[in-house]
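Please view the sequence and the structure together while reading.

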Amino acid sequence: MRGRSMLPALREGDLLLVRYAARVRPGDLVVARFVDGTLAVKRAVEQRGLRDGRAGWWLLSDNPGEGVDSRHRGPVATDDVLGVVRLRLWPSPRVGRRLRSR
């Protein structure tokens, strides 16, 4: 994990366990690819349609003053939401509800 956009849930240097192709639910932390190819960890807020009619997700930072998210780039196609963060492995394990939205 790099950057400060997901504080307080995640910090720079956190090592994450990600389940790829997992079902995404609102509130999950996800790994997604933005249109420009950037990979990012963001919070899945809600499903939204894309301009071309495909399904997508509205993704936000937990720390809105940092980073780039759907407020700047719009919804991310469902196919580009690659996986769900299941566990913070390091520096100390953090599981489940503590990673989900409050």
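Arg48 is found in strand β3, where strands (E, at least two residues) and helices (H or I, at least four) are DSSP runs numbered from the N terminus. With a relative accessible area of 34%, Arg48 is partly exposed; buried means under 20%, exposed over 50% and partly exposed in between, for a 1.4 Å probe and protein chains only. Although 27 residues separate Arg48 from Pro75 in sequence, their C-alpha atoms are 6.6 Å apart in space.

Arg43 also lies in strand β3, but this residue is buried, with a relative accessible area of 5%. A polar atom of the Arg43 side chain lies 2.7 Å from the backbone oxygen of Gly27. A polar contact is a pair of N or O atoms within 3.5 Å, of which, within protein, one must be able to donate a hydrogen and the other to accept it, and residues adjacent in sequence count only if both atoms are side-chain atoms.

## Basis of the model

The model is predicted, and local features need pLDDT of at least 70, side-chain atom pairs count only at pLDDT 80 or more, and totals for chains, interfaces and linings use all residues. Residues are numbered from 1 along each chain as its sequence is written, and side-chain values use heavy atoms, with hydrogens and water left out.

## Overall fold

The protein contains 1 helix and 7 strands, which follow the pattern β-β-β-β-α-β-β-β when read along the sequence. The C-alpha trace spans about 40 × 25 × 25 Å along its principal axes, and buried residues make up 41% of the 102 residues.

The radius of gyration of the protein is 13 Å, which agrees with the value near 13 Å for a compact globule with 102 residues; this radius is taken over C-alpha atoms, and the globule rule is 2.2 Å times the number of residues to the power 0.38.

## Strand pairing around β4

Strand β3 (residues 39-49) pairs with strand β4 (residues 55-60) in the antiparallel sense over 6 bridges, two strands being taken to pair if DSSP finds at least two bridges between them. Glu46 has Trp58 in β4 as its bridge partner. The hairpin of β3 and β4 has 5 residues between the strands, and in this hairpin Gly53 takes a positive phi near 90 degrees.

Strand β4 is also joined to strand β5 (residues 76-77) by 2 bridges, and these strands run antiparallel; here the bridge partner of Gly56 is Ala77 in β5. Trp57, likewise placed in strand β4, counts as buried at 4% relative accessibility. The C-alpha atoms of Trp57 and Ala32 are separated by 9.7 Å, the two residues being 25 residues apart along the chain.

## Backbone geometry outside the strands

The peptide bond from Leu7 to Pro8 is cis, with omega near 5 degrees, and Pro8 is placed in the segment before β1 (15-20). Another cis peptide bond joins Trp90 and Pro91, with omega about 15 degrees, and Pro91 has its place in the loop between β6 (81-90) and β7 (94-95).

Ala21, found in the loop between β1 and β2 (29-33), has a phi near 65 degrees, a positive value in a residue other than glycine. Ala21 is exposed, with a relative accessible area of 77%.

## Pockets

The largest pocket has a volume of about 310 Å³. A pocket, on a 1 Å grid over the protein atoms alone, is an open set of points where a 1.4 Å probe fits, with protein on both sides within 12 Å along at least five of seven lines, and lining residues have an atom within 4 Å of a point. Grid points are joined across faces, edges and corners, and a volume is the space filled by probe spheres set on the points. The lining comprises 15 residues, of which Arg2, Thr38, Leu39, Ala40 and Val41 lie nearest the pocket centre. Strand β3 provides the largest share of this lining, 4 residues. By class, the lining divides into 7 nonpolar, 4 polar and 4 charged residues, where Ala, Val, Leu, Ile, Met, Phe, Trp, Tyr, Cys and Pro count as nonpolar, Asp, Glu, Lys and Arg as charged, and the others, Gly among them, as polar.

The second largest pocket holds about 180 Å³ of space. Its lining residues include Arg33, Gly49, Arg51, Pro75 and Ala77, and the lining divides into 6 nonpolar, 1 polar and 5 charged residues.
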